[in-house]
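Look at the sequence and the structure first, then read on.

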Amino acid sequence: MKYVYLGLRSLRLSGRYLGFVDVRIENIEDRWMKKVLVTGGAGYIGSHIVKALLEAGDEVVTFDNLSEGHRDAVVGGDLVQGDLSDGPLLQSLFSKYEFDAVMHFAANCRVGESVKDPEKYYKNNVCNLLNLLAVMRRHHVNRMIFSSTAAVYGNPVKVPIEELHPLQPINPYGFTKLAVENILRDYSRAYGLISVSLRYFNAAGADPMAQLGESHDPETHLIPRVLAVASGRLAEVEVFGTDYPTEDGTCIRDYIHVNDLALAHLAALKHLRGGGENLIVNLGNSRGYSVKEIIKCAERITQKKIRVVHSSRREGDPPVLVCDNSQARRQLHWQPKISSLDEIIQTSWKWEQNRRY
Ligand SMILES: NC(=O)c1ccc[n+]([C@@H]2O[C@H](COP(=O)([O-])OP(=O)(O)OC[C@H]3O[C@@H](n4cnc5c(N)ncnc54)[C@H](O)[C@@H]3O)[C@@H](O)[C@H]2O)c1
């Protein structure tokens with residue numbers, strides 16, 4: 001048990017001196033040690049970062065409304081169930097714990113849904129972020145790591161995509177993420193907030209121990225869908241468009257292992273704790289794979305035939321999205337470790353066969 005010793009104090013009752021007492025505050029860890037707040041830490045990416053933070057020796061508090069996340073995905077630290085729209089709850093959270101940084105994953109992130117229901121996206125991804133920033137300001141917490149996305153670029157005019165590429169989102173989801181990047185820039189100028197915005201390309205893979213993995217309902221991401229077909233949970237996988245100007249006619253994406261995202265978050269935290277400046281960097285492998293290549297690789301690893309249905313192109317799906325990750329390498333001294341597609345799919349397959357939630 002840790003405590004702070006405040007020394008001997010005289011004890012008086014109704015002005016009458018009764019003697020001296022030892023004054024100490026016990027169990028100070030909970031109240032006074034620096035902690036990282038992870039919003040959305042029960043979700044796919046956040047849960048892997050929580051695990052990485054704990055392994056790195058950080059204390060973690062996960063804040064999640066469990067709308068998409070899973071209680072079982074939070075492998076350690078404290079879990080506070082709540083919604084970012086709840087100002088008083090955020091206020092009491094920041095009063096209870098002393099945070100030195102916030103990692104902000106909580107958001108809605110289905111592109112198609114954002115087109116049908118933009119209000120939900122602007123409210124959750126932008127308004128709720130403003131709530132969070134207001135409480136951070138009140139409690140003098142000025143470090144944030146933000147989950148941005150390749151969707152801020154829209155249809156690329158040049159590939160590989162560098163950070164200075166024009167920012168022209170083509171759906172409300174992308175616009176909400178760009179709005180947050182702009183808010184963080186303005187809050188930095190006005191209030192001294194320092195942030196790292198990490199523009200993820202396609203997050204993929206799972207914890208190599210299969211303790212954690214991707215589990216959304218509905219699942220919209222390609223690799224978990226393909227593997228759900230391999231394991232018999234799904235009848236078939238749809239391939240949207242086979243007439244793209246790519247070698248095999250299907251879309252090419254840059255898949256980055258979720259543990260490599262975790263390493264980048266640790267590096268970003270170190271950067272901020274070391275007094276580093278605002279950063280915006282791409283996180284990807286700088287290597288693209290087509291939908292057909294993913295399916296072929298999954299068939300090889302699972303030794304199963306994947307039933308495929310060909311559909312027409314989806315609106316707003318660019319042919320190729322591959323990043324230039326040299327800024328992340330340079331500025332964060334980061335490099336991906338699980339970069340082969342085989343390894344990425346192997347970890348997802350292990351999870352698919354041992355799903356805990
Ligand atoms: N998955 C990807 O490929 C990808 C790519 C680019 C960016 N991102 C971004 O990364 C972040 C995490 O993505 P993910 O795939 O892990 O998504 P996810 O849906 O699995 O995780 C998001 C978590 O946030 C929680 N949440 C949502 N709104 C909340 C609120 N108002 N209050 C409290 N909790 C709330 C959900 O319950 C969920 O656990 C998101 O911000 C997403 O936009 C993801």
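## The sheet

Two strands are said to pair if DSSP finds at least two bridges between them. In general, strands of a sheet pair through backbone hydrogen bonds, either parallel or antiparallel. In this predicted model, seven strands form an open sheet with parallel pairing, and their order is E5-E4-E3-E6-E7-E8-E13. The edges are strand E5 (78-81) and strand E13 (279-283); each has a single partner strand, so one side of each is left without a neighbour in the sheet. On average, neighbouring strands are turned by 20 degrees against each other, direction ignored.

Within the sheet, E7 pairs with strand E8 (residues 194-200) in the parallel sense, over seven bridges. In this pair, Met-144 stands opposite Ser-195 in E8. Helix H6 (residues 172-191) packs on the sheet and touches E7, E8 and E13. The direction of H6 makes about 155 degrees with that of E7.

## Around the ligand

How many residues surround the ligand? There are 28, and the closest are Gly-40, Gly-43, Gly-69, Ala-107 and Ala-203. The elements that give two or more residues to this shell are helix H2 (44-55), helix H5 (118-138), strand E7 (143-149) and strand E9 (202-204). H2 gives the most, with three residues.

Sorted by class, the shell has eleven nonpolar, 14 polar and three charged residues.

## A covered helix

Is helix H7 (residues 222-230) mostly covered or uncovered? H7 is mostly covered, since eight of its nine residues are buried. The buried residues are Leu-222, Ile-223, Pro-224, Arg-225, Val-226, Leu-227, Val-229 and Ala-230.

Their cover includes E9, strand E10 (237-240), helix H9 (291-302) and helix H11 (341-353). Just after H7 comes Gly-232, which takes a positive phi of about 90 degrees.

## The whole chain

The protein chain has eleven helices and 16 strands. Along its principal axes, the C-alpha trace spans about 90 × 45 × 40 Å. For 357 residues, a compact globule would have a radius of gyration near 21 Å; the chain has 23 Å, which agrees.

Of the 357 residues, 42% count as buried. Among contacts between residues at least 6 apart in sequence, 75% join residues at least 24 apart.

Notes. Residues are numbered from 1 along each chain as its sequence is written. This is a predicted model: local features need pLDDT of at least 70, side-chain atom pairs count only at pLDDT 80 or more; totals for chains, interfaces and linings use all residues. Helices (H or I, at least four residues) and strands (E, at least two) are DSSP runs, numbered from the N terminus. The radius of gyration is taken over C-alpha atoms; the globule rule is 2.2 Å times the number of residues to the power 0.38. A residue is buried if 20 or more other C-beta atoms lie within 10 Å of its own, exposed if 12 or fewer, and partly exposed in between; C-beta atoms are placed from the backbone. Two residues are in contact if their C-beta atoms, placed from the backbone, lie within 7 Å. A residue is near a molecule or strand if its C-beta atom, placed from the backbone, lies within 6 Å of it. Ala, Val, Leu, Ile, Met, Phe, Trp, Tyr, Cys and Pro count as nonpolar, Asp, Glu, Lys and Arg as charged, and the others, Gly among them, as polar. Axes are lines fitted to C-alpha atoms, for helices over the stretch in contact, and angles run from 0 to 180 degrees between N-to-C directions.
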